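Student: I am new to this structure and would like to go through it slowly, one question at a time. Could we look at it together?

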Amino acid sequence: MSETTSFAAPMGQLRPRRLLVLAIFAALALAPGHLGSLTRELMTDAYVQVSVFVAATLLLFYGAERIFNFDIGQVLSNARGAQVPLAALLGTTPGCGGAVVVVAAYSSGHVGFGAVVATLTATMGDAAFLLIATRPDAAIVVLPLSLVVGILSGWIVDRLHKVEYRASTLASCELAPLIGKTRPQDVAYLLLAIPGFYVGAAQLGQIDISHIAGLPIQWLALVGTFLGLTIWATSKVSAMTNAKDSPLTRTAEETSFISVWVIGAYLAYDYVAEFGGLDLELLFQSIAPLLPLMGVLVGLIPGCGPQVLVTTLYLNGIIPFAALMGNAVSNDGDALFPAIALNPKAAIVATVYSTIPATILAYAFFLFAPGFMN
(Lines give C-alpha, C1' and ligand atoms only; values in the text may rest on other atoms or scores of the structure.)
Protein backbone atom coordinates (compact mmCIF):
# COMPACT_ATOMS: atom_id res chain seq x y z
CA MET A 1 0.00 0.00 0.00
CA SER A 2 1.07 3.50 -0.48
CA GLU A 3 2.44 5.53 2.35
CA THR A 4 -0.81 7.47 2.58
CA THR A 5 -2.29 4.48 4.39
CA SER A 6 -0.18 5.33 7.43
CA PHE A 7 -1.54 7.58 10.11
CA ALA A 8 0.41 9.15 12.93
CA ALA A 9 -0.94 9.83 16.37
CA PRO A 10 0.22 12.67 18.56
CA MET A 11 3.02 11.13 20.58
CA GLY A 12 1.76 12.27 23.95
CA GLN A 13 -1.90 11.41 23.29
CA LEU A 14 -2.23 7.74 22.44
CA ARG A 15 0.78 6.23 24.17
CA PRO A 16 -0.44 6.66 27.78
CA ARG A 17 -3.77 5.11 26.85
CA ARG A 18 -2.07 2.21 25.16
CA LEU A 19 0.19 1.66 28.12
CA LEU A 20 -2.90 1.60 30.33
CA VAL A 21 -4.47 -1.08 28.11
CA LEU A 22 -1.23 -3.07 28.29
CA ALA A 23 -1.25 -2.78 32.09
CA ILE A 24 -4.88 -3.94 32.28
CA PHE A 25 -4.20 -6.97 30.08
CA ALA A 26 -1.13 -7.83 32.18
CA ALA A 27 -3.12 -7.53 35.41
CA LEU A 28 -5.85 -9.81 34.05
CA ALA A 29 -3.28 -12.39 32.89
CA LEU A 30 -1.54 -12.32 36.28
CA ALA A 31 -4.76 -12.40 38.29
CA PRO A 32 -5.01 -15.28 40.76
CA GLY A 33 -7.48 -18.09 40.47
CA HIS A 34 -9.92 -18.79 37.67
CA LEU A 35 -9.86 -15.25 36.21
CA GLY A 36 -6.12 -15.37 35.53
CA SER A 37 -6.24 -18.95 34.25
CA LEU A 38 -9.11 -18.16 31.87
CA THR A 39 -7.40 -14.97 30.66
CA ARG A 40 -4.17 -16.80 29.88
CA GLU A 41 -6.07 -19.49 28.00
CA LEU A 42 -7.97 -16.90 25.96
CA MET A 43 -4.82 -14.95 25.15
CA THR A 44 -3.17 -18.18 24.02
CA ASP A 45 -6.18 -18.99 21.83
CA ALA A 46 -6.21 -15.49 20.35
CA TYR A 47 -2.51 -15.80 19.51
CA VAL A 48 -2.48 -19.26 17.91
CA GLN A 49 -5.94 -19.01 16.33
CA VAL A 50 -5.77 -15.47 14.94
CA SER A 51 -2.58 -13.42 15.42
CA VAL A 52 -0.15 -15.86 13.80
CA PHE A 53 -2.43 -16.29 10.78
CA VAL A 54 -2.84 -12.54 10.40
CA ALA A 55 0.95 -12.18 10.59
CA ALA A 56 1.48 -14.87 7.95
CA THR A 57 -1.03 -13.30 5.57
CA LEU A 58 0.28 -9.75 6.00
CA LEU A 59 3.88 -10.91 5.58
CA LEU A 60 2.86 -12.64 2.37
CA PHE A 61 1.24 -9.48 1.02
CA TYR A 62 3.91 -7.04 2.13
CA GLY A 63 6.73 -9.40 1.19
CA ALA A 64 5.25 -9.76 -2.29
CA GLU A 65 5.01 -5.98 -2.58
CA ARG A 66 8.67 -5.59 -1.73
CA ILE A 67 9.99 -8.53 -3.79
CA PHE A 68 7.99 -7.75 -6.92
CA ASN A 69 8.10 -3.99 -6.36
CA PHE A 70 4.39 -3.39 -6.65
CA ASP A 71 1.86 -1.56 -4.51
CA ILE A 72 -1.37 -3.47 -3.82
CA GLY A 73 -3.17 -0.23 -3.08
CA GLN A 74 -2.01 1.27 -6.38
CA VAL A 75 -2.93 -1.92 -8.23
CA LEU A 76 -6.44 -1.66 -6.82
CA SER A 77 -6.57 2.04 -7.70
CA ASN A 78 -5.61 1.33 -11.30
CA ALA A 79 -7.93 -1.65 -11.64
CA ARG A 80 -11.00 0.50 -12.38
CA GLY A 81 -13.72 -1.96 -13.47
CA ALA A 82 -11.88 -4.89 -11.91
CA GLN A 83 -11.44 -3.12 -8.56
CA VAL A 84 -14.46 -4.71 -6.89
CA PRO A 85 -13.68 -8.29 -8.07
CA LEU A 86 -10.07 -7.90 -6.93
CA ALA A 87 -11.18 -6.58 -3.55
CA ALA A 88 -13.61 -9.47 -3.17
CA LEU A 89 -10.88 -11.94 -4.15
CA LEU A 90 -8.56 -10.48 -1.51
CA GLY A 91 -11.37 -10.80 1.02
CA THR A 92 -11.99 -14.44 0.09
CA THR A 93 -8.41 -15.46 0.87
CA PRO A 94 -8.37 -17.34 4.21
CA GLY A 95 -7.56 -15.10 7.14
CA CYS A 96 -8.17 -11.39 7.39
CA GLY A 97 -5.03 -9.92 5.82
CA GLY A 98 -6.52 -9.44 2.36
CA ALA A 99 -9.57 -7.64 3.71
CA VAL A 100 -7.38 -5.51 5.98
CA VAL A 101 -5.37 -4.46 2.92
CA VAL A 102 -8.54 -3.32 1.11
CA VAL A 103 -9.85 -1.44 4.16
CA ALA A 104 -6.57 0.46 4.42
CA ALA A 105 -6.61 1.08 0.66
CA TYR A 106 -10.02 2.71 1.05
CA SER A 107 -8.74 4.96 3.82
CA SER A 108 -5.90 6.10 1.57
CA GLY A 109 -8.22 6.81 -1.36
CA HIS A 110 -7.15 3.89 -3.57
CA VAL A 111 -10.55 2.15 -3.78
CA GLY A 112 -14.20 3.06 -3.61
CA PHE A 113 -16.74 2.12 -0.98
CA GLY A 114 -18.04 -0.73 -3.13
CA ALA A 115 -14.66 -2.43 -2.79
CA VAL A 116 -14.93 -2.24 1.01
CA VAL A 117 -18.38 -3.82 0.92
CA ALA A 118 -17.13 -6.46 -1.53
CA THR A 119 -14.15 -7.49 0.59
CA LEU A 120 -16.05 -7.47 3.91
CA THR A 121 -18.91 -9.47 2.36
CA ALA A 122 -16.57 -12.00 0.75
CA THR A 123 -14.30 -12.55 3.75
CA MET A 124 -14.88 -15.41 6.16
CA GLY A 125 -11.86 -14.45 8.23
CA ASP A 126 -9.87 -17.03 10.14
CA ALA A 127 -12.87 -19.36 10.28
CA ALA A 128 -12.01 -20.22 6.66
CA PHE A 129 -8.85 -21.98 7.84
CA LEU A 130 -10.92 -24.21 10.12
CA LEU A 131 -13.51 -25.01 7.44
CA ILE A 132 -10.89 -25.80 4.79
CA ALA A 133 -9.01 -28.10 7.14
CA THR A 134 -12.03 -30.04 8.41
CA ARG A 135 -14.75 -29.78 5.74
CA PRO A 136 -13.11 -28.96 2.40
CA ASP A 137 -16.30 -30.03 0.61
CA ALA A 138 -18.21 -27.28 2.41
CA ALA A 139 -15.37 -24.78 1.89
CA ILE A 140 -15.53 -25.37 -1.87
CA VAL A 141 -19.13 -24.13 -1.73
CA VAL A 142 -18.85 -21.38 0.88
CA LEU A 143 -15.77 -19.52 -0.37
CA PRO A 144 -16.63 -19.25 -4.11
CA LEU A 145 -20.23 -18.35 -3.25
CA SER A 146 -19.00 -15.67 -0.85
CA LEU A 147 -16.76 -14.34 -3.63
CA VAL A 148 -19.66 -14.06 -6.09
CA VAL A 149 -21.94 -12.42 -3.49
CA GLY A 150 -19.15 -10.01 -2.56
CA ILE A 151 -18.61 -8.97 -6.17
CA LEU A 152 -22.32 -8.45 -6.83
CA SER A 153 -22.76 -6.53 -3.57
CA GLY A 154 -19.79 -4.28 -4.35
CA TRP A 155 -21.05 -3.48 -7.84
CA ILE A 156 -24.55 -2.68 -6.56
CA VAL A 157 -23.16 -0.43 -3.82
CA ASP A 158 -20.88 1.42 -6.27
CA ARG A 159 -23.90 2.04 -8.47
CA LEU A 160 -26.35 3.13 -5.80
CA HIS A 161 -24.27 4.42 -2.87
CA LYS A 162 -22.69 7.81 -3.58
CA VAL A 163 -21.55 8.83 -0.08
CA GLU A 164 -17.86 8.57 0.89
CA TYR A 165 -16.66 8.48 4.49
CA ARG A 166 -12.91 8.91 4.30
CA ALA A 167 -12.54 12.69 3.86
CA SER A 168 -12.92 13.65 7.51
CA THR A 169 -10.72 10.78 8.67
CA LEU A 170 -7.91 11.69 6.33
CA ALA A 171 -8.18 15.35 7.24
CA SER A 172 -7.68 14.60 10.91
CA CYS A 173 -4.63 12.36 10.46
CA GLU A 174 -1.09 13.15 9.56
CA LEU A 175 1.26 10.97 7.54
CA ALA A 176 3.09 8.68 9.91
CA PRO A 177 6.87 9.04 10.00
CA LEU A 178 8.96 6.15 8.75
CA ILE A 179 9.90 3.81 11.56
CA GLY A 180 13.23 3.15 9.88
CA LYS A 181 15.16 -0.08 9.64
CA THR A 182 13.81 -3.39 10.88
CA ARG A 183 13.91 -3.43 14.66
CA PRO A 184 14.94 -6.36 16.90
CA GLN A 185 11.43 -6.58 18.30
CA ASP A 186 10.03 -7.03 14.77
CA VAL A 187 12.33 -9.99 14.14
CA ALA A 188 11.63 -11.49 17.57
CA TYR A 189 7.86 -11.14 17.11
CA LEU A 190 7.89 -12.98 13.79
CA LEU A 191 10.30 -15.66 15.02
CA LEU A 192 7.89 -16.40 17.87
CA ALA A 193 5.03 -16.47 15.37
CA ILE A 194 6.62 -19.42 13.52
CA PRO A 195 5.98 -22.02 16.25
CA GLY A 196 2.68 -20.28 16.97
CA PHE A 197 1.63 -20.74 13.34
CA TYR A 198 2.65 -24.40 13.51
CA VAL A 199 0.49 -24.91 16.60
CA GLY A 200 -2.43 -23.01 15.08
CA ALA A 201 -2.28 -25.05 11.87
CA ALA A 202 -2.09 -28.26 13.90
CA GLN A 203 -5.15 -27.26 15.91
CA LEU A 204 -7.09 -26.69 12.71
CA GLY A 205 -6.22 -30.26 11.80
CA GLN A 206 -7.54 -31.38 15.21
CA ILE A 207 -4.00 -32.14 16.45
CA ASP A 208 -3.29 -31.05 20.01
CA ILE A 209 0.26 -29.79 20.62
CA SER A 210 1.08 -28.72 24.16
CA HIS A 211 4.88 -28.29 23.96
CA ILE A 212 7.48 -27.24 21.40
CA ALA A 213 11.17 -27.86 22.13
CA GLY A 214 10.18 -28.65 25.70
CA LEU A 215 8.45 -25.29 26.23
CA PRO A 216 4.71 -25.08 26.99
CA ILE A 217 2.75 -23.58 24.11
CA GLN A 218 0.94 -21.26 26.49
CA TRP A 219 4.16 -19.58 27.55
CA LEU A 220 5.35 -19.16 23.97
CA ALA A 221 1.97 -17.68 23.09
CA LEU A 222 1.96 -15.35 26.09
CA VAL A 223 5.47 -14.10 25.33
CA GLY A 224 4.42 -13.46 21.72
CA THR A 225 1.22 -11.80 22.87
CA PHE A 226 2.86 -9.39 25.29
CA LEU A 227 5.69 -8.63 22.89
CA GLY A 228 3.02 -7.63 20.40
CA LEU A 229 1.18 -5.59 23.01
CA THR A 230 4.43 -3.81 23.85
CA ILE A 231 5.10 -3.06 20.18
CA TRP A 232 1.61 -1.61 19.90
CA ALA A 233 1.75 0.33 23.19
CA THR A 234 5.03 2.05 22.26
CA SER A 235 4.30 2.54 18.55
CA LYS A 236 4.29 5.86 16.74
CA VAL A 237 1.69 4.51 14.30
CA SER A 238 -2.02 4.72 14.98
CA ALA A 239 -3.10 1.88 12.69
CA MET A 240 -1.64 1.16 9.27
CA THR A 241 2.07 1.34 8.53
CA ASN A 242 4.12 3.15 5.93
CA ALA A 243 4.83 1.32 2.66
CA LYS A 244 8.51 2.32 2.86
CA ASP A 245 9.05 0.39 6.07
CA SER A 246 10.29 -3.20 5.85
CA PRO A 247 7.75 -6.05 5.48
CA LEU A 248 8.85 -7.40 8.88
CA THR A 249 8.18 -4.07 10.58
CA ARG A 250 4.85 -3.58 8.84
CA THR A 251 3.73 -7.10 9.71
CA ALA A 252 4.73 -6.81 13.38
CA GLU A 253 3.11 -3.37 13.75
CA GLU A 254 -0.18 -4.18 12.05
CA THR A 255 -0.56 -7.65 13.51
CA SER A 256 -0.02 -6.16 16.96
CA PHE A 257 -2.62 -3.49 16.26
CA ILE A 258 -5.21 -6.05 15.16
CA SER A 259 -4.31 -8.46 17.97
CA VAL A 260 -5.21 -5.90 20.64
CA TRP A 261 -8.76 -5.80 19.31
CA VAL A 262 -8.86 -9.58 18.94
CA ILE A 263 -7.74 -10.13 22.53
CA GLY A 264 -10.31 -7.63 23.74
CA ALA A 265 -13.05 -9.41 21.78
CA TYR A 266 -11.98 -12.85 23.04
CA LEU A 267 -11.91 -11.67 26.65
CA ALA A 268 -15.20 -9.78 26.47
CA TYR A 269 -17.03 -12.65 24.76
CA ASP A 270 -15.79 -15.41 27.07
CA TYR A 271 -16.01 -13.31 30.25
CA VAL A 272 -19.71 -12.85 29.49
CA ALA A 273 -20.10 -16.55 28.68
CA GLU A 274 -18.20 -17.65 31.80
CA PHE A 275 -19.37 -15.14 34.35
CA GLY A 276 -22.65 -13.99 32.80
CA GLY A 277 -24.17 -17.37 32.00
CA LEU A 278 -24.42 -16.89 28.19
CA ASP A 279 -24.71 -20.23 26.36
CA LEU A 280 -24.64 -19.46 22.65
CA GLU A 281 -24.79 -23.14 21.71
CA LEU A 282 -27.99 -23.64 23.68
CA LEU A 283 -29.39 -20.45 22.18
CA PHE A 284 -28.72 -21.79 18.66
CA GLN A 285 -30.46 -25.07 19.44
CA SER A 286 -33.60 -23.47 20.86
CA ILE A 287 -35.58 -22.47 17.74
CA ALA A 288 -34.61 -23.98 14.37
CA PRO A 289 -36.08 -21.27 12.05
CA LEU A 290 -34.04 -18.61 13.83
CA LEU A 291 -30.69 -20.38 13.37
CA PRO A 292 -29.89 -18.78 9.97
CA LEU A 293 -30.71 -15.36 11.41
CA MET A 294 -28.60 -16.08 14.49
CA GLY A 295 -25.69 -17.02 12.23
CA VAL A 296 -26.05 -13.68 10.43
CA LEU A 297 -26.32 -11.70 13.68
CA VAL A 298 -23.27 -13.39 15.23
CA GLY A 299 -21.44 -12.33 12.07
CA LEU A 300 -21.96 -8.72 13.12
CA ILE A 301 -19.71 -9.25 16.15
CA PRO A 302 -16.21 -7.94 15.33
CA GLY A 303 -13.39 -10.43 15.30
CA CYS A 304 -12.98 -14.08 14.37
CA GLY A 305 -13.61 -15.76 17.72
CA PRO A 306 -17.44 -15.88 17.52
CA GLN A 307 -17.21 -16.81 13.82
CA VAL A 308 -14.87 -19.71 14.57
CA LEU A 309 -17.44 -20.79 17.17
CA VAL A 310 -20.21 -20.76 14.55
CA THR A 311 -18.07 -22.85 12.21
CA THR A 312 -17.33 -25.25 15.05
CA LEU A 313 -21.06 -25.60 15.80
CA TYR A 314 -21.64 -26.42 12.14
CA LEU A 315 -18.84 -28.98 12.13
CA ASN A 316 -20.40 -30.61 15.19
CA GLY A 317 -23.80 -30.79 13.47
CA ILE A 318 -25.46 -28.35 15.87
CA ILE A 319 -26.43 -25.72 13.28
CA PRO A 320 -27.33 -26.17 9.59
CA PHE A 321 -25.31 -25.12 6.56
CA ALA A 322 -27.73 -22.21 6.09
CA ALA A 323 -26.55 -20.64 9.35
CA LEU A 324 -22.90 -21.16 8.39
CA MET A 325 -23.48 -19.56 4.98
CA GLY A 326 -25.25 -16.57 6.50
CA ASN A 327 -22.45 -16.12 9.00
CA ALA A 328 -19.74 -16.44 6.33
CA VAL A 329 -21.27 -13.61 4.29
CA SER A 330 -22.21 -11.32 7.19
CA ASN A 331 -19.01 -11.65 9.21
CA ASP A 332 -16.11 -9.29 8.55
CA GLY A 333 -13.53 -11.07 10.68
CA ASP A 334 -10.70 -9.02 12.14
CA ALA A 335 -10.79 -6.65 9.15
CA LEU A 336 -13.63 -4.86 10.91
CA PHE A 337 -11.29 -3.70 13.71
CA PRO A 338 -9.05 -1.46 11.56
CA ALA A 339 -12.15 -0.42 9.62
CA ILE A 340 -13.76 0.81 12.85
CA ALA A 341 -10.53 2.52 13.93
CA LEU A 342 -10.00 4.30 10.60
CA ASN A 343 -13.53 4.81 9.27
CA PRO A 344 -16.23 3.94 11.80
CA LYS A 345 -19.08 5.18 9.59
CA ALA A 346 -17.82 3.20 6.60
CA ALA A 347 -17.38 0.11 8.78
CA ILE A 348 -20.90 0.30 10.20
CA VAL A 349 -22.58 0.95 6.84
CA ALA A 350 -20.58 -1.75 5.05
CA THR A 351 -21.46 -4.25 7.79
CA VAL A 352 -25.15 -3.38 7.56
CA TYR A 353 -25.04 -3.80 3.79
CA SER A 354 -23.44 -7.24 4.09
CA THR A 355 -26.29 -8.50 6.29
CA ILE A 356 -28.78 -8.11 3.43
CA PRO A 357 -27.31 -10.73 1.04
CA ALA A 358 -26.32 -12.83 4.06
CA THR A 359 -29.92 -13.06 5.27
CA ILE A 360 -31.28 -13.75 1.78
CA LEU A 361 -28.72 -16.47 1.11
CA ALA A 362 -29.08 -18.08 4.54
CA TYR A 363 -32.85 -18.43 4.27
CA ALA A 364 -32.64 -19.53 0.64
CA PHE A 365 -30.60 -22.54 1.79
CA PHE A 366 -32.78 -23.03 4.87
CA LEU A 367 -36.04 -23.06 2.92
CA PHE A 368 -35.07 -24.67 -0.38
CA ALA A 369 -32.08 -26.89 0.52
CA PRO A 370 -32.45 -27.64 4.25
CA GLY A 371 -30.28 -30.76 4.18
CA PHE A 372 -27.52 -29.35 1.98
CA MET A 373 -23.98 -30.01 3.31
CA ASN A 374 -25.31 -31.04 6.71
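Student: Which residues form one aromatic cluster?

Tutor: Please keep in mind that this is a predicted model, so what we discuss is computed from it. Within it, one aromatic cluster is formed by four residues, namely Tyr-314, Phe-321, Phe-365 and Phe-372.

Student: How are the rings of Phe-321 and Phe-365 arranged, stacked or edge-to-face?

Tutor: The ring centres of Phe-321 and Phe-365 lie 5.1 Å apart, and their planes stand at 75 degrees to each other. Planes over 60 degrees apart count as edge-to-face. The arrangement of this aromatic pair is therefore edge-to-face.

Student: How many residues apart in sequence are the parts that this pair of Phe-321 and Phe-365 ties together?

Tutor: Phe-321 belongs to helix α16, which covers residues 321-330, whereas Phe-365 belongs to helix α18. Both residues are buried, Phe-321 with a relative accessible area of 1% and Phe-365 with one of 14%.

Student: Which word describes how α8 lies to α18, oblique or perpendicular?

Tutor: Helix α8 spans residues 136-160 and helix α18 spans residues 344-368, and their axes come within 10 Å of each other, crossing at roughly 135 degrees. That angle makes α8, in relation to α18, oblique.

Student: How many residues of the contact of α8 with α18 are nonpolar?

Tutor: From α8, the residues Leu-145, Val-149, Ser-153 and Val-157 meet Tyr-353, Pro-357, Leu-361 and Phe-365 of α18. Among the residues of this contact, none is charged and one is polar, while the number that are nonpolar is seven.

Student: Which residues does Thr-92 touch, not counting residues up to four places away in sequence?

Tutor: Thr-92 is found in helix α4, which runs over residues 83-92. With a relative accessible area of 10%, Thr-92 is buried. Leaving aside residues up to four places away in sequence, Thr-92 touches Ala-122, Leu-143 and Leu-147.

Terms used
Residues are numbered from 1 along each chain as its sequence is written. This is a predicted model: local features need pLDDT of at least 70, side-chain atom pairs count only at pLDDT 80 or more; totals for chains, interfaces and linings use all residues. Side-chain values use heavy atoms; hydrogens and water are left out. Axes are lines fitted to C-alpha atoms, for helices over the stretch in contact, and angles run from 0 to 180 degrees between N-to-C directions. Helices (H or I, at least four residues) and strands (E, at least two) are DSSP runs, numbered from the N terminus. Angles under 35 degrees count as roughly parallel, over 145 as roughly antiparallel, 65 to 115 as roughly perpendicular and the rest as oblique. Contact means heavy atoms within 4.5 Å. Ala, Val, Leu, Ile, Met, Phe, Trp, Tyr, Cys and Pro count as nonpolar, Asp, Glu, Lys and Arg as charged, and the others, Gly among them, as polar. Buried means under 20% relative accessible area, exposed over 50%, partly exposed in between (1.4 Å probe, protein chains only). Rings of Phe, Tyr and Trp (its six-membered ring) pair if their centres lie within 6.5 Å; planes under 30 degrees apart count as stacked, over 60 as edge-to-face and the rest as tilted.
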